[in-house]
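Thanks for coming. I will walk through a few places in this structure, one at a time. Please have the sequence and the model open.

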Amino acid sequence: MPRPRQLSLRRQLLIWLLLPQLVLWLAAAMLAHAMAVRYANEVIDQTLAQTSRALARQVKPFGNGFYVDFPRAAREILEEDPTDRVYYMVSSPPAAFLLGEPAMPRPPATLAARAGASYFYNASMKGQDVRVAALYLLAGTVEQPQLMLVQVAKSRTLSAELTRKILLDMGLPLLGLMLLTSLLVWAGISRGLSPLRRLRRVVENRSPRDMAPIEVNNAPAEVRALTAAINSLLEEVNRQVEQQRRFIGDAAHQLRTPLAGLKSQSELVKAELLGSTPDIPRACRQLEQVETSVARSIHLVNQLLALARAEPEAGLQLKRLDLKQLCREVTAEAVPRALARKLDLGLDSDDDSLLVLGHAGLLRELLANLLDNAIQYTPAGGEITVTLRRLGRQVQLQVCDSGPGIAPAERDKVFQRFYRVNSLAGGKGCGLGLAIVQEIARRHHTRVELSDNSPHGLCASLLFLRENPPEQTGP
């Protein structure tokens, strides 16, 4: 299936930084347009208000009527510009037309007229949009009061032109500022991501065999943390690679000796049987040596496989198990070998179950290796005891024997792979048993401790964290 396309970090940063800016700029543009319209209307409204008051001064009450003193020159000034003509009308509501343009739009019906106040509204007149100022004046006599209406209208073309100029004067600098801000954001993101690009080039140009730490100078804290994590991973990988390389070299060396012995012994048996006077007893002894070499090779291969299973990189899932039951089963399996060597093998444990968190297969291998070493190196008539004890929140597992023991100076070395104590070199081991035991112990967050067994012999001890039993649920 095709992998879904994912945005790069640069694009995500640009989107999350520029998108809010775009929203803010759009909001600022709408606010600027509203302010420009308001300021343009205020300018036009002030002009219309002054014109309406000047016109109102030309109409004076006279008896029951009005006297209009409006010279022709004044009318020509108002009507001079045909593209921006000023319309006017003076009337005495409700229907008395006195002067001006009879088609003047009436004020809105919802308008609450008040004498001396100016009112402004938008309307349509002769096919064009106009802005109208309405001024109500109190006229007439005390006995017969009248309300005079003076209206002055002007095309909204000037208002629109003024609004456009204000927007241009405000918008061009804002647009330039927006572009400059976007360039600064892009440059900042590019500069901020440059350590990641350098880190990518360092990793891309590196040989697969180069496990040296990566050095990134003058990098931000986040990149240094990433580099430290990569270096930690490289160090662990390097350690595992070196461990595997050493393991393969040691395994090849250890396997070469028994295989070479098998080849030479099989050739001797063949030569003996094909000779003119075959010595059957001698051939049988040589076949016994071949059998011994095969058994040692099988044991070595099994130990190598067990060590591979115990390696840290192998998958391991720890589960709750009964360590007492596991020790009982493994000890019972080792009893025939112990009896064959005339050894007393037993299990000493608390009565109740001892639950720990572990891997059953690896713990069986651990105990089997400890018992195998004890059986192999304990002389006939000796004793081997597997002990399980609760120590607070821990469980102690001990395997003690009455064998020759290991000198304190050698006890750290015996956990190394293929290391064998000189005093025990006559045994049939391959030097992997205790290395496997220690590796399995590490996987269970513990370690093997070797100590003297009174009056003589060796004890191998491990401590496991005790687990609480699972809660019982009712039916």
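Let me start with Asp-401, which is buried but has no salt bridge. The nearest side chain of opposite charge belongs to Arg-411, and that is 9.8 Å away. Keep in mind throughout that this is a predicted model. Asp-401 sits in strand β12, residues 394–401. What does the side chain of Asp-401 reach? It reaches the backbone nitrogen of Gly-403, at 2.9 Å. Setting aside residues up to four places away in sequence, Asp-401 touches several others, among them Thr-378, Glu-383, Asn-453 and His-456.

Now to Arg-411, the residue we just met. Its side chain forms a salt bridge with Asp-452, 2.2 Å from N to O. This pair links distant parts of the chain: Asp-452 is in strand β13, Arg-411 is in the loop between β12 and α8, and they are 41 residues apart. Arg-411 counts as buried because its relative accessible area is 12%, whereas Asp-452, at 55%, is exposed.

The structure holds 13 salt bridges. Another one joins the side chains of Arg-131 and Asp-45, at 2.9 Å, N to O.

Next, Tyr-87, in strand β3, residues 86–92. With a relative accessibility of 8%, Tyr-87 counts as buried, since the cut-off is under 20%. Its side chain makes a polar contact of 3.2 Å with the side chain of Gln-128. Leaving out neighbours within four places in sequence, Tyr-87 is also in contact with residues including Glu-101, Met-104 and Val-152.

Last is helix α6, residues 323–340. At 1.5 Å a residue, its 18 residues should span 26 Å, and the end C-alpha atoms are 26 Å apart, so the two agree. At the start of α6, a side-chain oxygen of Asp-322 comes within 3.1 Å of the backbone nitrogen of Lys-324. Where does α6 bend? The bend is at Ala-334, by about 35°, and Pro-336 follows within four residues. Ala-334 is one of the buried residues of α6, as are Leu-326, Cys-327 and Val-330. Just after the helix, Lys-342 takes a positive phi of about 60°.

That is the end of the tour.

Technical notes:
Residues numbered from 1 in each chain as written. Predicted model: local features only at pLDDT ≥ 70, side-chain atom pairs only at ≥ 80, totals over all residues. Heavy atoms only, no water. Helix = DSSP H or I, 4+ residues; strand = E, 2+ residues; numbered from the N terminus. Buried < 20%, exposed > 50% of the residue type's maximum accessible area, 1.4 Å probe, protein only. Lys, Arg positive; Asp, Glu negative; His and termini not counted. Salt bridge = Lys/Arg side-chain N within 4 Å of Asp/Glu carboxyl O. Polar contact = N/O pair within 3.5 Å; in protein donor to acceptor, adjacent residues only side chain to side chain. Contact = heavy atoms within 4.5 Å. Expected span 1.5 Å × (residues − 1). Bend = angle between axes of the 7 residues up to and from the residue.
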